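Please keep the sequence and the three-dimensional view at hand while reading.

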Amino acid sequence: MEIDINQIRKDITDYGEKIFLNSAGSSLMPKSVVQEINRYLLEEEKFGGYSVAELKTNEIADFYNQTAQLIGAEAHNIAFTHDATDAYIKALSSIHFKHNDIIITTDDDYASNHIQFISLQKRFGIKIVRIKNLENGELDMIDFQKLVDKHNPKLVAVTHVPTNSGLIQNIEAIGEICYNQKIIFLLDACQSVGQLSINVTKIKCDFLTATGRKFLRGPRGTGFLFISDRLLKNGFSPLMIDGGGAVWKAIDQFDILENAKRFETWEAPYALIMGFREAIRYANNIGLENIQSYNQKLMLRLRENLIGIQGVKLFDKGLKNCNILTFRKDGKSLAKIKEKLNSNNVFFSVSRKEWGVIDFNKKGIDWVIRLSPHYFNTIEEIDNVSKIIDEI
Ligand SMILES: Cc1ncc(COP(=O)(O)O)c(C=O)c1O
């Protein structure tokens, strides 16, 4: 179905003359998201947070329904988190790592994930093994199967879409192997949720982590964690759990909650949850298939335009790309490119080596410009930004 771009643009406050291409950073919220947050805060101002939360039980519960619908899960599999990293940390902390346990991951995983693996390595002596990439940037599935057979890993952790490239990893193939061999599969979907249609039943992951502010167009300080029934039934819960996720039953004993809320802490920013719920409802209403197919058209045009500009080099690998595009231009400094884009009111970001050390080392560079259009952008804007880049 065609999306109604005019309406979607009207739903943004003061879009104005800018060209906003930073949804992989922190996107533009629909105005209804901000309205929901404000409405809830006003109630808290008048009645105090506890009474409002009690009055709004149904609306709060709907956050879990909307999120479940977004990724093809059930509401009981969803926990609210404060960002994607909070979700990731809680997921990792629920795994009973022992000395010499193996984590299989990729060269393209998010920096903070690598930092956490290194931290586990230092504290518990776990080992990190990385799947080889094929020439085209995709994961080498033959290598993956070999690593699984050789190491019998405790965890497989893969980032769906890396922060600094439009690469889409073949996560269904990873999920199939993990599922069949009963290995825990942790999927970082921070950059894919909101721009790609995602179904956890098809992916067969055990954990999925996501953030609110990027392609989901929610407020900052929001995220969620999906936990599979398999893990819930097996009692997985965060190492550090509080009275929101567990009930203190006796001096030395607590019971964890039945559902994924055992991964939450008791205190929560309910106004933001209301805004996040609205952002997810908004995306669900347009339909992720529709968003994805419109986005593909935008990106096809942007990639075609930029490939045609002399000196522009794109750094995205993989057979399938999405709404992150990274580039540099021969002989043009970072300062020069930034200056040109800023002076033309283009919103973008710079990805630097510390956010993807292995990938940047392979590419032999230490920065790229990242453009991340989303379904509120138009083909006209894509052509305009291409002209601006041509003029640099
Ligand atoms: C692939 C990926 N994973 C995880 C994160 C972390 O997200 P958050 O800052 O919401 O914790 C990011 C942030 O850019 C990301 O790009």
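Contact here means heavy atoms within 4.5 Å. The structure is a predicted model, in which local features need pLDDT of at least 70 and side-chain atom pairs count only at pLDDT 80 or more, while totals for chains, interfaces and linings use all residues. Residues are numbered from 1 along each chain as its sequence is written, and side-chain values use heavy atoms, with hydrogens and water left out.

His 114 belongs to helix α6; helices are DSSP runs of H or I with at least four residues, strands are runs of E with at least two, and both are numbered from the N terminus. Beyond residues up to four places away in sequence, His 114 touches Thr 105, Thr 106, Asp 107, Asp 109, Arg 130 and Ile 358. Its relative accessible area is 10%, so His 114 is buried (under 20%; exposed is over 50% and partly exposed lies in between, with a 1.4 Å probe and protein chains only).

Helix α5, spanning residues 84-93, is mostly covered, with 7 of its 10 residues buried. These are Ala 84, Asp 86, Ala 87, Tyr 88, Lys 90, Ala 91 and Leu 92. The elements they pack against are helix α6 (111-124) and the strands β2 (78-81), β5 (155-159), β6 (184-188), β7 (207-211) and β8 (223-227). At the start of α5, the backbone nitrogen of Thr 85 has a side-chain oxygen of Asp 83 within 3.2 Å.

A side-chain N or O atom of Thr 163 is 2.8 Å from an oxygen atom of the ligand. For Gln 191, a polar side-chain atom lies 2.9 Å from a ligand oxygen, and for Tyr 110 the corresponding distance is 3.4 Å. Of the 390 Å² of accessible area that the ligand has on its own, the protein covers 92%; accessible areas come from the Shrake-Rupley method with a 1.4 Å probe.

Lys 340 is placed in helix α13, residues 334-343. Apart from its neighbours within four places in sequence, Lys 340 is in contact with Ile 388, Glu 391 and Ile 392. Between Lys 340 and Gln 121 there are 219 residues of sequence separation and a C-alpha to C-alpha distance of 43 Å.

Methods
Polar contact = N/O pair within 3.5 Å; in protein donor to acceptor, adjacent residues only side chain to side chain.
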